[in-house]
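My notes from an afternoon of looking things up in this model. Sequence and coordinates first, then the entries.

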Amino acid sequence: MITAALVTLGPAPHAQAPTTEFSAPGLAEPTDRLLVLAWWAWAMVLAVAFLPGGKLVQRLVAVDGRWKSTAIAVAAAALAIVLIVASLRDASDPTGMWVGLPISSAIVGAAFAGVTVVVFVARSRWVWASVSGFVATVALPFVLLLWVQTPGAIRDPFHFAFTSDEIAATAARHVPLSDYIPQYSVLLSYPVAAIDYLWPGHTTALTLAWLLVLQLVSIGTAIVVSVLLGGLRMAMPAGVVLIGPVVAAFSGGGLSASTYFAVLPMRVVLPVVTILAAFLVLRHGIAASRWWHWILLGLCVGVTTLNNPDYGLPAALTITVTICLVAGHPRSAWRPLVWLVTASAAVFAVYTWLGALSGHPIHWEYWLQFTLVFGDYGFGAAPVAEFGIHIAVIALFVAASATGFVLVRTSPAASWRGQQGLGLCLAGGWSLLTIPYFAGRSFAPTIVGGYAFSVGLVVACMLPMLRVGLRGLRARRADGRVNRVIGVAFVLIAVAAAAGAGVLALPPALTLGWLQSGDRAEFPPVTEQVASVERVAAANGNERLASALASGAVVQALPMSSLVATSSGLGSVSVASSDGYLTISRVFTTAQCAAPWPGNASMLLVTTPVAASLAADPSCQGYVDFRRAEEFSDGDSALYTLLPRAVLGVRP
């Protein structure tokens, strides 16, 4: 109702005309910003209303055994279930990629929900272990087929061109936030650079392997959180509800959250590890933790925040609020928060110091650059729809956050209720605070691809509540029975939806055929880009380009610049993962023209559209001599411009 009312009555989105800073049009979305605030506010209202002091609201929703209150509760729950199911089934999507969850998802999801009930209510350890082992044995081969990719068989080559270039940036001698503006990750490229130094010539394969390993770390860490909350019985159900959403493929191909490396793992791996660290530190209460626990947690928070502000800042804020909730009083919270903030700030200070020490000064304005381009200006934005799958997803996050808040505030930290609340508070709160990413580009594939892991994490953290609810129903206690039935029903629907989403995964036969179809060692767009440059240099009349390339005096800012550099040896000076960004914003062109070149470089090779965009930026005139620019073509489609360094240009 909140979403429909605001979308219907709120101010309409309107186009923002290109400015001196942005050559591409943006979209202003005032209503979407109001929606984000409204969703957050609703979570806070629910949380506060159901604290012990919220007598009025609790009286309104109480089920006291009389038929009227029972009927109202059942009717409200039934209406909510109808809306949730309709949201999951909704296929409205301007991109045509999302078709809604089919009936087969409901069937498979219901069956798995039944299996989960058997695992949770079984008294015999042998029974639940056998059922869990059987499900895991059957599912594992399919999951492995969906997980494995090779450089020549990437199921999402469009986005991989961005993410792989960013992971390879440090191996190409870039320093993120100094001469490179990262979109997804500041820090995750450094391990690849270290391995590439020891095993050169395999950067693309190393990049892909690193991303796949980090996916396993993300999912494995989330399963560990669920097991810590509810025991080993949670492992199999948690794995299924985590994997189901991330392998659900869109129509027309094998694209899914598991193939969209920008989110899983680049944006979520460090936040989920930090959530686990926060849970371990807080689960026995503030008093049980030592000062060095807070320093270690602060370092985790700092690394997570530095790596990606869109998902790291929500994790930092969630952990800060949760510490205050667990402490219960400012006098108990201020010391842990001081340690936490100090250690987090130290991460930023050390990164700044290391940059200066290595001769690569850090430009902190780059840290939020992509957030501002896509969020503030609205490049590529789309307005939120009145109804769709986002309703079910956001409702899940709101419910988890509010429930976790109430449990933490009303239960001792070391109790089962307190630890359950801690898990929901951390997972639900983090997921809810990342919603602005969806509000900017509000397509169904964004909520499905960008939040599939978050959905799985939150549902996995709800599993222990399901087990306790089932125990209560088996005990046949009269008090609160209707509330238990409603609560169990909602969690079972979440479990069924998450597990049933796996029905949309690419069939194993197609996955296997995909793996066998391509060159296992090379990413075709990179080899094609390198071959294109070589072809143009070899064309008649382009001896000047061939000579410049042979002299080693040329650097480039071509598409996939980092991978081109590691594959061909042609040095990269591109400041972004795609040369397309150099045509949409003056911020990127200014940064590109200020980027340092190696000492022996005197010419920059770019595509002709990028050369035109650089020439339109007045700040570039002192760095590149556009009057001596030369265009080269192979006579077909490839067209490049060679830009000589300005004689008076000042470069580090």
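**Entry 1: cysteines**

How far is the sulfur of C324 from the closest cysteine sulfur, and in which residue is that sulfur? I keep in mind that this is a predicted model. The closest one sits in C425, at 11 Å, which is too far for a bond. I looked from the other end as well: for C425 the closest cysteine sulfur is that of C324, again at 11 Å and too far for a bond.

C324 comes out as partly exposed, because its relative accessibility is 36%. C425 is buried, with a relative accessible area of 8%.

Then I went for the disulfides. The count comes to 1. The pair is C593 and C620, with the sulfur atoms 1.9 Å apart, and the cut-off for a disulfide is sulfur atoms within 2.5 Å. I get a torsion of about 95° around the S-S bond of C593 and C620, so I noted the disulfide as right-handed. The link joins distant parts of the chain: C593 belongs to helix α25 (residues 586-594), while C620 lies in the loop between α26 (608-615) and β5, 27 residues apart. C593 counts as buried at 2% relative accessibility, and C620 is buried at 0%.

**Entry 2: the sheet**

In what order do the 4 strands of the open sheet run? I read β3-β4-β6-β5, with mixed pairing. The edges are β3 (554-556) and β5 (630-633); each has a single partner strand, so one side of each is left without a neighbour in the sheet. Neighbouring strands are turned by 30° against each other on average, ignoring direction.

I went through the pairings one at a time:

- β3 and β4 are parallel, over 3 bridges; Q556 has L605 as its bridge partner in β4.
- β4 and β6 are antiparallel, over 5 bridges. Here T607 stands opposite Y640, and L605 stands opposite L642.
- β5 and β6 (residues 639-644) are antiparallel too, over 4 bridges. E631 is opposite T641, and S633 has L639 as its bridge partner.

Is β4 enclosed or open? I count it as largely enclosed by the rest of the structure, because 5 of its 5 residues are buried. In a regular strand the side chains alternate between the two faces of the sheet. I therefore sorted the β4 residues by side, and both faces are covered: M603, L605 and T607 on one, L604 and V606 on the other, all buried. β6 is mostly covered, with 5 of its 6 residues buried.

**Entry 3: helix α8**

Which residues of α8 (residues 190-198) are buried? I have V192, A193 and D196. An α-helix has 3.6 residues a turn, so residues three or four places apart point the same way. Over on the other side of α8, Y197 and L198 are exposed. I looked up the cover for the buried residues too, and it includes α7 (157-167) and α9 (203-230).

**Entry 4: S87**

Last stop was S87, in helix α4 (residues 67-89). Buried or exposed? Its relative accessibility is 0%, so S87 is buried. I traced its side chain to the backbone oxygen of G388, at 2.5 Å. Leaving out residues up to four places away in sequence, S87 touches F387, G388, I389, H390, I391 and A392.

Notes. Residues numbered from 1 in each chain as written. Predicted model: local features only at pLDDT ≥ 70, side-chain atom pairs only at ≥ 80, totals over all residues. Heavy atoms only, no water. Helix = DSSP H or I, 4+ residues; strand = E, 2+ residues; numbered from the N terminus. Buried < 20%, exposed > 50% of the residue type's maximum accessible area, 1.4 Å probe, protein only. Polar contact = N/O pair within 3.5 Å; in protein donor to acceptor, adjacent residues only side chain to side chain. Contact = heavy atoms within 4.5 Å. Pairing = 2+ DSSP bridges. Axes fitted to C-alpha atoms, helices over the stretch in contact; angles between N-to-C directions.
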